Amino acid sequence: MARRATLLASFSLLGACAGQAVTPPAATAAIDVPAIPRPDGETPPWWFRQGAASAAQLSAQSNSGTQRAKNVIVFLGDGMSLPTIAAAHVRAGQLKGVDGESYRMSFERFPFSALSRTYETDQQTPDSAGTMTAIMSGVKTRAGFIGVSQVPRRQDCTASHGQELVSTLELASAAGMSTGAITTTRITHATPAATYGHLPERNWEVDADLTADAKAQGCKDFAAQLIDFPGNGLTVAMGGGRTEFMLAGEDDPVEQGKVGQRLDGRDLIGEWKRRHPDGAYVWSGQQLKSLDLARTKQVLGLFNASHLSYEHERVNDKLDEPSLAQMTASAIDVLKQNPNGFFLMVEGGRIDHALHAGNAYRALDETIAMADAVEAALQHTDPRDTLIVVTADHSHTMTFAGYPRRGNDILGLVQGHNDSYDEEGGAGLARDAAGKPYTTLGFANGPGYTGASDTQPEGSKTFPHSAHEYSYATKGRPDLARVKTSDPDYMQESILPMKAETHGGEDVAIFANGPGAAAFHGELEQNVIFHVIVQHTPRLRDELCKLGSCNKEGVPVDRPTYQAWLQQVGLPAVR
């Protein structure tokens, strides 16, 4: 029998409702966590209890147990590594004409921060599916899994039934709170899907993507899961992926040549409009602006046939897509109509895409755009009742290196190396061992490799570049003295040639503001984020207790079953 280790934490019980007065108990709540041989004993229940114990301990250390949040906003910068944040704040400052090195973006001014360990149960370097599932459910799982535990095999629908994990958004919905998910990617992509969906395969975004076996076993694509979400559905859902909700062959109303993808005969947009006669379906920024948000009950916004445009293209394109900041402010105006509070997830999803493409310009642009969205949230909420958490799901391989002088263009060539001087004795271009200049930002791997590819010759690469085969360089690195590295389409060099740059495995940052934010300190397992949030949000915590996951002291310690949650929201326990 496994030895039991007890974590004692001074944990002040939160009220069943956000508006009730609470008297902290005099006793100390004990949360037992099995001492297990790692990783063999890492079962879904163990991960949940470990997360609960860690969150209670963090709350005790910070004396934040009595702090209660009415509203919660989770900002997820997809792939937003620490070097990405550092380079983005330098870029943001330089664009404003101020000192970039000391400049702080909105979330960098938050009073509390921590580090998050991102590994999954099967991978050292993780993907977005398993990591976002950990953040949303309090349970770590495998790569490629959305809202499902590590137990089944990938794409095994039958085995995944009964292994679904209850998300923060689902708890909020059952608790009578408003709910929202907004993103710059398809609304069915891994990160937003983890707020409302459950599948052992992240790529099943539309029914056309499902295998025959998956359909036979009863799996439902993420677009259908979003529209069929229990109760009254999500209060706000905004992003891209419009054609995944349209009948196969149906012409897209905005983008010529794009057509619907659904093979099941369901017009999901039409179904949503019939189900929500008091809601508003919009597909342009102008339509969103025209809404009387204080009186609009629900919003479905699908602003692109696929992912939204990068911010660099968005400001000049003809699609009229709203910015992430505009979507965030609009969502909050709708959500805060509910006196019970709200839960909102906001994803800056194209940070990840730009990094995969080896293009630092767009990656920093997208990070700054997400910081603007955080600022919009701060302007539309009260820090006394709204907990805002900003984090990333995983890292990337972008490097921030060399010895550039203070104020050097973050996208430019390194200037100021100790061994490099110009003709007048000032700091000149730094050069490598072969005498060639190089940039501050680079990538450990990716499509920026300077050898010849099947689409571009040897030398510097330009965005977009998706190559299938590579031949190695014969003449070494290109001479960047003749290349404009600050151009939006310049691709930073990579060490290893790959079709797309990969994720990184190091810790990512957590920034927090509002009730319960002080509990975010030190280095956390990623699934602990869920537990800190629910333990400081009375309605979420109370909903967990209703599902039978709390101990006698009222502390959530046991993983709730999805079947129990379905019964709680009035649906049959067996799907």
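**Close-up views of a predicted model**

**View 1. The annotated binding site.** In an unreviewed entry, UniProt lists Asp78, Asp352, His356, Asp393, His394 and His503 under "binding site". These residues span 426 residues in sequence, yet no two of their C-alpha atoms are more than 14.5 Å apart, so they gather at one spot. UniProt positions follow the numbering used here, feature names are shortened, and annotations may be inferred rather than shown by experiment. Residues are numbered from 1 along each chain as its sequence is written. The model is predicted: local features need pLDDT of at least 70, side-chain atom pairs count only at pLDDT 80 or more, totals for chains, interfaces and linings use all residues, and side-chain values use heavy atoms, with hydrogens and water left out.

**View 2. Asp78 in its loop.** Asp78 sits in the loop between β3 (71-77) and α2 (82-95). Helices (H or I, at least four residues) and strands (E, at least two) are DSSP runs, numbered from the N terminus. Asp78 has 3% relative accessibility and counts as buried. Buried means under 20% relative accessible area, exposed over 50%, partly exposed in between (1.4 Å probe, protein chains only). Beyond its neighbours within four places in sequence, Asp78 has contacts that include Ser128, Thr191, Asp352, Asp393 and His394. Contact means heavy atoms within 4.5 Å.

**View 3. His394 and its surroundings.** His394 belongs to the loop between β10 (386-391) and β11 (395-396). At 0% relative accessibility, His394 is buried. Leaving out residues up to four places away in sequence, His394 touches Asp78, Asp352 and His503, among others. Its side chain makes a polar contact with the side chain of Ser128 (3.0 Å). A polar contact is a pair of N or O atoms within 3.5 Å; within protein, one must be able to donate a hydrogen and the other to accept it, and residues adjacent in sequence count only if both atoms are side-chain atoms.

**View 4. The open sheet.** Ten strands form an open sheet with mixed pairing, in the order β7-β8-β6-β5-β9-β3-β10-β18-β4-β19. Its edge strands, β7 (280-282) and β19 (523-525), each pair on one side only. Two strands pair if DSSP finds at least two bridges between them. Strand β4 (residues 112-117) pairs with β19 in the parallel sense, over three bridges. Arg117 has Glu525 in β19 as its bridge partner.

**View 5. A helix on the sheet.** Helix α14 (residues 360-380) packs on the sheet and touches β3, β9, β10 and β18 (508-513). The direction of α14 makes about 170 degrees with that of β3. Axes are lines fitted to C-alpha atoms, for helices over the stretch in contact, and angles run from 0 to 180 degrees between N-to-C directions.
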